[in-house]
Amino acid sequence: MRNSWKTIPLLFFVLACGAKQTPAQDTGNAQQDAIRKLETRMDELRSQMAEIQSELDVIRGTKLPATGSIKSTLPPPLVQLPPEQQQRAIGKATSDHQTFAQEEEDAPRLYNAPLETDYPGFFHLPNTRTILRIDGSARSDFIYDPRTSVLGDSFVASSIPVPSPSGPSNFIASIRGSRFSSDFRIPVSDQKIARTFIQLDFFGANGATAPRLRHFYAQIDNLLVGQTFTNFMDPDAFADSLDTQGANSAVSVRIPQGRYTFPLGKGAIAAVSIEVPSSNINFSVNGTPAVPFTPAPDGTVRLRREWERGHVQLASVFRNIGAQLPNGVRESVFGWGLNATGELRAYGRDSFVAQVAYGEGISRYVGDAAPLGLDAAPKSQTNLSLEALPLFGTYASYQHYWLPVLRSSATFSLVQLQNTAFQPANTYHKGTYSSGNLIWSVVGSLDLGAEFIYGWVQQKSGATGNAPRFQITGRYTFVKLHPTE
């Protein structure tokens with residue numbers, strides 16, 4: 001615009017010169033040529049001003065550029081779910097609940113709703129509407145076992161030796177709990193977001209520090225396929241623990257599945273799934289092991305109710321457990337289970353979480369019993385018909401915030417399995433897990449914690465064992481979630 005004003009004196013100068021230097025009969029033509037040139041110049045200046053204004057509008061977010069006018073490098077805005085969808089999917093207590101394992105961040109949600117609506121750590125992939133968060137953690141666990149050297153870097157109470165040894169003590173360090181994840185969110189409409197989530201840790205087979213797939217699933221319009229937490233569990237009701245195993249009775253397993261989730265209204269949610277089965281059995285007849293088979297997939301149904309101060313959830317699973325006996329006979333038995341869980345916001349940021357689970361043939365899903373092959377066993381030495389073993393598991397944990405950056409949790413957990421007459425005397429029967437910790441969010445994404453764990457186990461014969469553990473953990477996360485206030 002400034003240059004356009006400079007052209008006005010130039011116009012008068014040209015006109016004046018033209019009057020003195022051109023013949024009278026040519027004066028009109030010269031003036032018309034000068035005017036046309038100046039008008040052309042004015043049009044160019046107006047075009048430049050329009051382009052500048054368009055760029056300013058894009059930067060301010062008030063207007064999208066016209067097609068082909070400019071090439072903006074700014075990303076489109078992050079997709080926001082309608083508030084009513086976000087509220088139905090996640091209550092305030094659920095979004096605020098914090099655990100060291102951060103399993104709540106990995107869990108599938110109704111509408112793929114994020115726990116934090118501002119999408120911390122996400123960035124746009126160039127020339128797309130897809131947003132991506134690369135997250136994970138680098139951690140070191142320093143573990144001291146005063147009385148046994150066989151527990152490894154995850155405290156599984158069922159692996160405590162019976163009878164309890166008096167030594168030697170054992171110190172180990174591990175980085176296997178470190179993780180790496182990629183979280184893709186793709187808007188497919190104004191009210192729908194597709195999600196693809198991939199996560200690895202380093203709990204390789206046979207104790208190796210090697211990559212292991214934890215999650216790999218995709219969900220669009222509440223239809224999920226891939227590997228993630230079973231629909232039978234509730235990662236939002238986990239205890240806050242440094243130990244990578246956690247409460248010994250927790251229903252916790254990640255398996256391939258197909259799932260559909262849908263709202264019921266007023267904060268209620270339902271989900272159904274078909275999941276990859278596994279007949280978790282381990283027994284022999286006259287020294288020859290039985291061979292497991294899976295006659296049908298596992299099926300689950302889950303009901304959940306969210307509100308501002310917490311949530312409750314009831315899930316069920318239905319199974320068909322099979323085994324081929326050494327004599328060639330194929331046996332199968334029906335298994336089922338119920339799992340009631342919940343979280344309740346207490347005073348301030350404190351919270352209480354709990355689980356009560358019971359069923360027959362559900363040891364596959366329960367932490368302490370999962371490695372032992374205790375879904376089913378023959379009834380007796382003379383009756384080799386399979387029986388789905390009844391299992392009861394419960395835990396409770398209270399989380400208290402001393403300061404916004406300092407918290408503690410106390411947890412108690414119990415598993416009890418009903419054995420058959422066929423099973424040997426040293427078969428696992430009962431176990432408990434207790435822990436207390438102190439976790440400090442030091443600065444930025446650095447967390448430090450100390451935890452004491454005590455486990456107790458009883459065999460079918462009544463023989464018992466126990467073991468304490470001390471653990472110190474340091475962890476640095478790539479993206480800081482749950483910022484301190």
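I looked up the contacts of Asn 280 and found that, leaving aside residues up to four places away in sequence, Asn 280 touches Ser 363, Arg 364, Ala 369, Ala 370, Gly 373, Leu 374, Asp 375 and Ala 376. I note that the model is predicted.

I then asked where Asn 280 lies. Its place is the loop between strand E9 (268-275) and strand E10 (284-285). Is Asn 280 buried or exposed? I record Asn 280 as buried because its relative accessible area is 14%, and the cut-off for buried is under 20%. A polar atom of the Asn 280 side chain lies 2.9 Å from the backbone oxygen of Ala 370.

Next I followed the pairing of strand E14 (residues 310-324). Strand E12 (residues 291-293) pairs with E14 in the antiparallel sense over 3 bridges, and there Phe 293 stands opposite Gly 322. Strand E13 (residues 298-307) runs antiparallel to E14, with 9 bridges; Arg 302 has Ala 315 of E14 as its bridge partner. The hairpin from E13 to E14 passes through 2 residues.

I found 15 bridges between E14 and strand E15 (residues 330-345), again antiparallel, with Val 312 opposite Gly 342. The hairpin of E14 and E15 has 5 residues between the strands, and in it Gly 328 takes a positive phi near 95°.

Last, I examined the largest pocket, which holds about 1100 Å³ of space. Its lining counts 39 residues, with Arg 212, Thr 244, Gln 245, Ser 252 and Arg 254 nearest the centre. By class I list 16 nonpolar, 12 polar and 11 charged lining residues. Strands E5 (192-203), E6 (209-220), E8 (254-265) and E21 (428-443) each supply at least two residues of that lining.

Notes:
Residues numbered from 1 in each chain as written. Predicted model: local features only at pLDDT ≥ 70, side-chain atom pairs only at ≥ 80, totals over all residues. Heavy atoms only, no water. 1 Å grid on protein atoms, 1.4 Å probe; cavity = no way out; pocket = protein on both sides within 12 Å on 5 of 7 lines; lining within 4 Å. Points joined across faces, edges and corners; volume = space filled by probe spheres on them. Helix = DSSP H or I, 4+ residues; strand = E, 2+ residues; numbered from the N terminus. Nonpolar A, V, L, I, M, F, W, Y, C, P; charged D, E, K, R; others polar. Buried < 20%, exposed > 50% of the residue type's maximum accessible area, 1.4 Å probe, protein only. Polar contact = N/O pair within 3.5 Å; in protein donor to acceptor, adjacent residues only side chain to side chain. Contact = heavy atoms within 4.5 Å. Pairing = 2+ DSSP bridges.
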